[in-house]
Amino acid sequence: MQTNVHGRTGTASYERNGEPVTFSAILKKDISKLPFGSKASRQAELSGIIGAVATIIVDVAGDMSISIKTENPSVAARTYQLIKGLFQTKPKIKIEKTKKFKEHRAYNVLIEDPKMAKRILGDCEILSFNNLGQAFFANQVPEKFKKQATQTKAYIRGAFLGCGSVSNPEKTYHLELVGKKTAIQSKTNDRSLTGNIEQCALLESIKEILNDFGIKSNLIHRKAHWVLYLKEGGSVADFLNVIGAHRGLLEMENIRIIKEMRNDVNRQVNCETANLNKTVIAAYDQVAAILVIKEKIGLRNLPQNLYDIAELRLNYPDASIKELGERLDPPVGKSGVYHRLKKLSQIAEDLKLK
C-alpha cells in the first residue's frame, strides 16, 4: 500500500491505491499497525475504544453485550485483535452499509456472550459494582490507567481510534474527539443501567490528562454531542506524539515547515512589492516635478548639483536613490540625493503657484 500526497502549493489530496482517503483514515491505519505493548497497555487502549465509541446493550434479564462500531476497517481489526489477545475469544464482526453522505461500509465488532461482555467491561474498568451488587458504568478515564504514562497514552490512543478525527493539515490544524450521545441501550427497569450517558465527563477527564501533558484543548457542546478539540498546530502535533502516531506527526511537521516557508516567502514578497510600489510612485512624482521645471524655466537654469540629479532621474526613472547617487561624479550618499530631489519637488511646486 502506497500513499501519495499531491497539491503542496494548495489543497492536498491523499490517495492509496488510486483512491482518495482522508488524513484521519491514513493516520488511524498507521496507528493500528503499532505494537500492542504490555497487557496493561492493551487493556488501557481497549478501554479507551470502548469508553469512546461502544454501545452497551442490556436486555430484560440484565445480561449485557457490547457493540463497537467504526467506519475504519483498520480500527475494527485492531479492536478484534485486542479482544482476542486479551480474552482468548473471537468477537463477531458485522459489515453494515450506511448512507452517511454517500453509501459506504461500517464495521461492528460484537461481544454477544454476556459473561465475556461482563468480564471485558470489568477488566477494562468500564463496569464496576457496589456493595449491593448493582452495576455502574464509569464515564471517565479509569484511575488504574492513569498511574503509568504508557497506559495513559494507550488509553488516549484508543479514545482517538474510537471517536477521533484530524483535518487535512494542508488546510488547517484541527483535531477532535466527539462523544456519543448514548452509550447504553437498556431494556431493564434498573435505573442504574438506563438513560443517556453524556460523554462530557469522559471528555473532561481526557482534557485533564492532556493538560498534564501540556496540551491545550477545549470542550464544547455541538448539536447533540460533546466535542473535545485542539486547534493549534503545536497542540495537534503534541497529541499525535502522545498517541504514538509518529508517521502522521512527521507528515504534519513536513507540511508545517512548508507552510511556514511559504508564508515567510509571501511576507517577504509582499514587503518587497510594497517597497517597490513606494519607489515607483516616488520616482514618478520626481520625474513629473523635473518636467515642470524643464517646461517653466529650463533645467540649465538650475544649480549644477540640482541639474545633475535632474538629468539622471530623467535618464534613469527606475533607478533607486542609492543607484542615482552612485552615478553622480563624485558619488553622493542616499541622504544627499534625497535632499536634492526634495529641493527639485519644492521648486516645481513654487513654479506651479506662479
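Helix H4 is followed by glutamate 125, whose phi is positive, near 55 degrees, in this predicted model. Within H4, which spans residues 114-123, the buried residues include Met116, Ala117, Ile120 and Leu121. These four residues lie on the same side of H4, because the arc they cover around the axis is only 130 degrees.

E4 (residues 55-58) and E5 (residues 64-70) run antiparallel and are joined by 4 bridges. In this pairing, valine 58 stands opposite methionine 64 of E5.

An open sheet is formed by 4 strands, with antiparallel pairing and the order E10-E11-E14-E13. The edges are taken by E10 (164-166) and E13 (218-222); each has a single partner strand, so one side of each is left without a neighbour in the sheet. On average, neighbouring strands of this sheet are turned by 25 degrees against each other, direction ignored. Helix H5 (residues 149-163) packs on the sheet, where it touches E10 and E11 (175-178). The direction of H5 makes about 80 degrees with that of E10. In general, strands of a sheet pair through backbone hydrogen bonds, either parallel or antiparallel. Asparagine 218 has tyrosine 229 in E14 as its bridge partner.

Glutamine 286 is part of helix H8, which covers residues 246-296. This residue counts as buried because its relative accessibility is 12%, and buried means under 20%. Its side chain makes a polar contact with the side chain of arginine 313, at 2.9 Å. When residues up to four places away in sequence are not counted, glutamine 286 touches Arg313, Ile321 and Leu341.

The protein chain averages a pLDDT of 82, and 84% of the residues score at least 70. Over residues 1-13, pLDDT stays under 50, and the model has 33 contacts beyond four places in sequence for this stretch. Residues 189-197 also have a pLDDT that stays under 50, with 18 contacts beyond four places in sequence.

Technical notes
Residues are numbered from 1 along each chain as its sequence is written. Side-chain values use heavy atoms; hydrogens and water are left out. Buried means under 20% relative accessible area, exposed over 50%, partly exposed in between (1.4 Å probe, protein chains only). Helices (H or I, at least four residues) and strands (E, at least two) are DSSP runs, numbered from the N terminus. The arc is that of the directions from the helix axis to the C-beta atoms. A polar contact is a pair of N or O atoms within 3.5 Å; within protein, one must be able to donate a hydrogen and the other to accept it, and residues adjacent in sequence count only if both atoms are side-chain atoms. Contact means heavy atoms within 4.5 Å. Two strands pair if DSSP finds at least two bridges between them. pLDDT is the predictor's confidence in each residue, from 0 to 100. Axes are lines fitted to C-alpha atoms, for helices over the stretch in contact, and angles run from 0 to 180 degrees between N-to-C directions.
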